[in-house]
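Please look over the two-chain model shown here and read the following report alongside it.

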Amino acid sequence: MSLVKEILAKAENLPAIPAIVQQVLGLVQDPDFEFSRLIDTVKMDPGITAHVLRMANSPFYGLRQKISSLDQALALLGTRNLVEIVLSAQVVKFYQVDQDGYRLARGDLWRHCMATALLANKIGAMIKFGETATLFTAALLHDVGKLILSQYVGGRYEAIEKLVEQGGKSFVEAEREVLGVDHALLGGVVARHWNFPESIVTAIAFHHMPERSSKHKQMTGLVALANILALSMGMGGGADGLALPLSAGLFELAGVKAREIDKLALEIKDINDQADELLSMAN
Amino acid sequence: MAGRIAVGVGDLAVSKDKRDEIVTYSLGSCIAVIIHDAKAGVGGLLHLMLPTSTLNPQRAASQPAVFADTGLPRLFRSAYDLGAVKGRMKVVLVGGSQVLDEGGHFNIGKRNYAAVRKILYRNNVLVDKEDVGGNVNRTVGLRVDTGEIWMKVNGGNLRKL
């Protein structure tokens, strides 16, 4: 079997994402969804229900009263927070492994993805982007391809490093050249295998070249921008460091003004603390 | 408590405990300003995020270490409080890298570096060593007793600076 085929086969053999993620995403995509249906969906899973209540009662959300039911949690936290809690609790399981190939310690990739998701949401709120749950999910899963590619990158690190250091390539380009596929496109394959909506598949697959996506350009641009900002501000740089390309016109794609960049970068300070707290609670 | 002091993003630490090591992880465009006065046995590390506090004066008031213009005075003053003297201080800069950006929008690293250099120059402080720029991610540590500085680039092997 060729290397690319072997890697793609692994992507398609990754364990399925829990059904609740799909159900919640499917529900909230309809702007007129009924809250009771969201609650009914979450209630089906006692583990997640317990997790939501634990999170709702944590100092992170700073609620003064004790939360003892999902209805109460939804009323006080709002849909967005509730959906974020449910999705991150499910996704974290996939990221809780060492990413040696990328020289990331356990939890580092998850912190990076969580920071990217929180930042994407902040930017999305700033520009009044409508599809917050999909944006959050795409950002949270944008590096899912690294979970599979890590072992292959590790084994061929020297060849990749040489292309980056001497050939002036970005790390993603080098991955593609050495392995035949990069972590972004591979992530797209995983997302498709998980039956995610096309917007999420596209945003993950094109997060290093949003200008080339044919659809969902703004969401892809937002994930790309949040990713670059998170990495620039030190959230989760591993073997690839900052050797990543910045697409021309990224700000226009994302619908964000370039002069806002420092303001957005500053958000990382709080997001860093939030990601730590979310990580410690998830463990 | 003696040991490893981890400085978070937009934060700083100083120490005169010989057993301490001050470390900051994962510098991208942020810059670590490391100071050490061997005679006083005082070391400090500032992990700044952005060049100027005009962006958010409120934030600068509550978290001065976020910005170069408010973080640097705070770092030096905290070290003076422990007995360090400006003229004896060794100053090292690490970080300030950025993504491969031809348009120059993501030049936070360069702007951070320019701001730090300018402030230090205006205050007659010389930089002894630096490892800045490029497209890498750096982790750096300072031993308070010896003033030795080590760093890791892109999660690779440890080396002395």
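## Strand pairing and helix packing

In chain B, β6(B) pairs in the parallel sense with strand β7 (residues 129-132), over four bridges. This pairing, like everything else described here, belongs to a predicted model. Within it, L93(B) has E130(B) as its bridge partner in β7(B). On the antiparallel side, β6(B) is joined over six bridges to strand β4 (residues 31-37) of chain B, and here V33(B) has L93(B) as its bridge partner. Strand β6 (residues 90-95) of chain B is mostly covered, with five of its six residues buried. Together with helix α3 (residues 108-122) of chain B, the strands β6(B) and β7(B) make up a right-handed β-α-β unit.

The loop between α3 and β7 of chain B contains N124(B), a residue that is not a glycine and yet has a positive phi of about 55°. Another such residue is R103(A), likewise not a glycine, with a positive phi of about 55°, and its place is in the loop between α5 and α6 (108-126) of chain A. For background, most residues other than glycine have a negative phi. Are these two residues buried or exposed? The table sets out their surroundings.

| Residue | Phi | Other C-beta atoms within 10 Å | Class |
|---|---|---|---|
| R103(A) | positive, about 55° | 22 C-beta atoms | buried |
| N124(B) | positive, about 55° | 8 C-beta atoms | exposed |

R103(A) counts as buried because 20 or more other C-beta atoms within 10 Å are required and 22 are found, whereas N124(B), with 8, falls under the limit of 12 or fewer and is therefore exposed.

Chain B also holds an open sheet of five strands, in the order β1-β3-β8-β9-β10 and with mixed pairing. The strands β1 (4-6) and β10 (158-160) of chain B stand at its edges, and because each has a single partner strand, one side of each is left without a neighbour in the sheet. Neighbouring strands of this sheet are turned against each other by 25° on average, with direction ignored.

In chain A, the axes of helix α3 (residues 35-43) and helix α5 (residues 70-95) come within 11 Å and cross at roughly 75°, so α3(A) and α5(A) are roughly perpendicular to each other. From α3(A), the contact draws on F35(A), L38(A), I39(A), V42(A) and K43(A), and from α5(A) on L70(A), D71(A), L74(A), T79(A) and V86(A). By class, these comprise seven nonpolar, one polar and two charged residues.

Helix α12 (residues 198-205) of chain A is largely enclosed by the rest of the structure, because seven of its eight residues are buried. The buried residues are S199(A), I200(A), V201(A), T202(A), A203(A), I204(A) and A205(A), and what covers them includes α7 (132-140), α8 (144-155), α11 (183-193) and α13 of chain A.

Which parts of chain A touch chain B? In the contact between the chains, 28 residues of chain A meet 29 residues of chain B. On the side of chain A that touches chain B, α13 (217-232) and α15 (261-282) of chain A each supply at least two residues, and the largest share, eight residues, comes from α15(A). The residues of that side divide into 17 nonpolar, seven polar and four charged.

Note on methods
Residues numbered from 1 in each chain as written. Chains lettered and ligands numbered in written order. Predicted model: local features only at pLDDT ≥ 70, side-chain atom pairs only at ≥ 80, totals over all residues. Contact = placed C-beta atoms within 7 Å. Nonpolar A, V, L, I, M, F, W, Y, C, P; charged D, E, K, R; others polar. Axes fitted to C-alpha atoms, helices over the stretch in contact; angles between N-to-C directions. Parallel < 35°, antiparallel > 145°, perpendicular 65-115°, else oblique. Pairing = 2+ DSSP bridges. Right-handed = clockwise from strand over helix to strand, strands pointing away.
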